[in-house]
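Dear colleague,

Please find below the sequence and the structure for your records. My notes on the structure follow directly after it.

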Amino acid sequence: MSMSERKLTPDLFRPAQLVTGKSEEISKPSLSFWQDAFRRLKMNKAAMAGLFAIVFIIVFSLIAPSFSKYGVDDQELMRANLPPKIPGLEKVEFLGVNGVDIRGVNQYEMKNIPADQKFWFGTDVLGRDQWVRVWKGTQISLYIAFLAATIDLIVGVAYGGISAFYGGRVDDTMQRFVEILYGIPNLVVIILFIIILDPGILSITLALVITGWIGMSRIVRAQILSLKNREFVLASKTLGSTNGRLITKHLLPNTLGAIIITSTFTIPGAIFFEAFLSFIGLGIQPPTASLGALISDGFRSLRIYPHLAIYPAAILCVLMISFNLLGDGLRDALDPKMRR
Amino acid sequence: MLRYITKRVFAMLLTLLIIATLTFFLMKLLPGSPFNNQDKLTETQRYALNEKYGLNDPVPVQYINYLGKLAQGDLGYTFQFDGRTVTSMIANGMGPSATVGFEALVFGTLVGLVLGIAAALKHNTFIDYGAMIVAVFGIAIPSFVFAGLVQYYFGVKLQWLPVAFWNGPEYHILPAFSLSVGVIATVARFMRTEMLEILGTDYILMARSKGISKNAVILKHCVRNSMIPIITILGPLSIGLITGSLVIENIFAIPGIGEQFVKSINLNDYPVIMGTTLFYSFLIIAIILVVDILYGIIDPRIRVAGGKS
């Protein structure tokens, strides 16, 4: 009741300043769509964590193998199956990186390894430095990720775009072809390649080239089809824009959000595909290391030498989770309508 | 609708024919014949063997014969065992594979539905966040890593469940659970999105304002309507289960199709590889077809009259 009891006198009020244009003034600098999207992405902690993890893994996979003086296939049976030993952290008992295996035997002392030799992730059955092998394997996963994204961006966008933009008979023919390809499971494609070539990075690359872009082309086609008949495109066309200008200035920029989102979800799919194939022995062949193959080898001796499976499995999981989190974040940032 | 189904069945047969043709000619491209490097055979014996398996005919004739046999379900003989047909190997492996796959699908869908519904009803609470963290991990963590972990933890360390093999109901738990993780995650995410959308619609508000109890609205209106689009992801989910079964069956040593398949690839047993590949293609294409048709029947709003997706 205190409000109404207070006396309202005219000197409490002041006439508003009526300056034309003042009310129209924008108080904050205007943000473009991409600045706004990036601001939304930065607010998403999970997506940023994912982004940092991906950058960290990329940088490490490139520089880490050179930390060790051993190559990816340098074998030495004298130092086989050593548990991990990390300088600095070896004093911390519970981390288990002090060169003592799970039976409590210090393998480094038992095998008379010189004190300056420390294998950060241990060594495998053949005495190869697991640290180098794990990061080299990560390089392969990242190569697959890069390849999948490139194929998506080049083949998928071009195919979907051309199909939708020219429409009519071109669209019909191109879509019949996609329908057939879409029906062939990509597992089947890779097996066909393994039979005529040999299992390895080449077969996986070719299988991805053939099947990897179909999802993207369908999404780009749907987007361009709906954009093609919008007023702003029509207006630009009426003003005499060439097809090239229509595509580069109007159609592609408006599809870019969907393209980015789709490719961030294609990438973990491709990484999983390679790791899965290597795990069942159809992918990367020894002596080349790949995360899937390393995990497969590590599982065979999980009880005695858990370090062989744990590190590659952890890096693979972190990589997959990071790409998924980043994809979710990008979708929320670029397409706020989808946000929940 | 009928026109659409006919068109789709036709497209499916065409795709299968293309896959079969590709596999046949790729096999012909391979150097050598099955009886090439058996030195003990005389020229006559080799000729007789080739004659018996129809390998002396011209390639087009072999192709027609191959398609004819294929239509009757005859996929040829395996190299691994004497006189066993690929069809009988697939038939033997079918039981365990289908059982694990079905158990994983049912268990995964049920758990996924419950998680998704709970997350949507308790939107923006810790239940929601917890369910979505489970979903992100379930989608991101490869099934073989997960299978290896549960096998080690529950099988080796705690010794609650058998580590591997296929000798009774308790042997089903770990493989079916490992296989279902992807299903749980996908269904939970999908269900949550759908539920949130439907909870915001006018007809839910209408039903509530008519005085129908909250539980009845949720069960009869929200959940039922949210479940319709779940059918669309059953196709991709089943394909994921087939792919997943290759590793799960290997890790848990289940005598299914996937385990045989991987073994045949490592042994270069081409007839089994090709037969199983064709079988998988058929399965996947048929599942996608059935799911698409079901979707059109269940949800009349998206009757696919023209047949363009």
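How many residues does the contact take from chain A and from chain B? The contact takes 32 residues from chain A and 36 from chain B, where two residues are in contact if their C-beta atoms, placed from the backbone, lie within 7 Å.

Before the details, a word on the source. This is a predicted model, in which local features need pLDDT of at least 70 and side-chain atom pairs count only at pLDDT 80 or more, while totals for chains, interfaces and linings use all residues. Residues are numbered from 1 along each chain as its sequence is written, and chains are lettered from A and ligands numbered from 1 in the order in which they are written.

On the side of chain A that touches chain B, at least two residues each are supplied by α6 (168–183), α7 (186–196), α11, α12 (291–300) and α13 of chain A. Helices here are DSSP runs (H or I, at least four residues) and strands likewise (E, at least two), numbered from the N terminus. The largest share of this side, 8 residues, comes from α13(A). By class, the side of chain A that touches chain B has 26 nonpolar, 3 polar and 3 charged residues. In this scheme Ala, Val, Leu, Ile, Met, Phe, Trp, Tyr, Cys and Pro count as nonpolar, Asp, Glu, Lys and Arg as charged, and the others, Gly among them, as polar.

Helix packing in chain A

Helix α11 (residues 243–279) of chain A packs against helix α13 (residues 307–334) of chain A at an angle of about 165 degrees, with the axes 9 Å apart. Axes are lines fitted to C-alpha atoms, for helices over the stretch in contact, and angles run from 0 to 180 degrees between N-to-C directions. α11(A) is therefore roughly antiparallel to α13(A); angles under 35 degrees count as roughly parallel, over 145 as roughly antiparallel, 65 to 115 as roughly perpendicular and the rest as oblique. Residues in this contact include G257(A), I260(A) and F272(A) of α11(A), together with L316(A), F323(A) and R331(A) of α13(A). By class, the contact of α11(A) with α13(A) has 15 nonpolar, 4 polar and 1 charged residues.

α7(A) and helix α8 (residues 201–211) of chain A pack at about 140 degrees, with their axes 9 Å apart. These two helices, α7(A) and α8(A), are therefore oblique to each other. Among the residues that meet are V189(A) and F193(A) in α7(A) and I204(A) and A207(A) in α8(A). The contact of α7(A) with α8(A) has 8 nonpolar, 3 polar and no charged residues.

Annotation of chain B

An unreviewed UniProt entry gives "domain: ABC transmembrane type-1" for residues 94–295 of chain B; such annotations may be inferred rather than shown by experiment, positions follow the numbering used here and feature names are shortened. In the model this span is 83% helix and 0% strand. The "transmembrane region" spans listed by UniProt (unreviewed entry) include residues 133–153 and 278–298 of chain B. Residues 133–153 of chain B are 90% helix, with end C-alpha atoms 22 Å apart, and residues 278–298 of chain B are 100% helix, with end C-alpha atoms 30 Å apart.

Confidence

The model scores ipTM 0.78 and pTM 0.81. The mean pLDDT (the predictor's confidence in each residue, from 0 to 100) of chain A is 80, and 89% of its residues reach 70 or more. For chain B the mean pLDDT is 82, with 93% of residues at 70 or more. Over residues 304–309 of chain B, however, the pLDDT is below 50.

With kind regards
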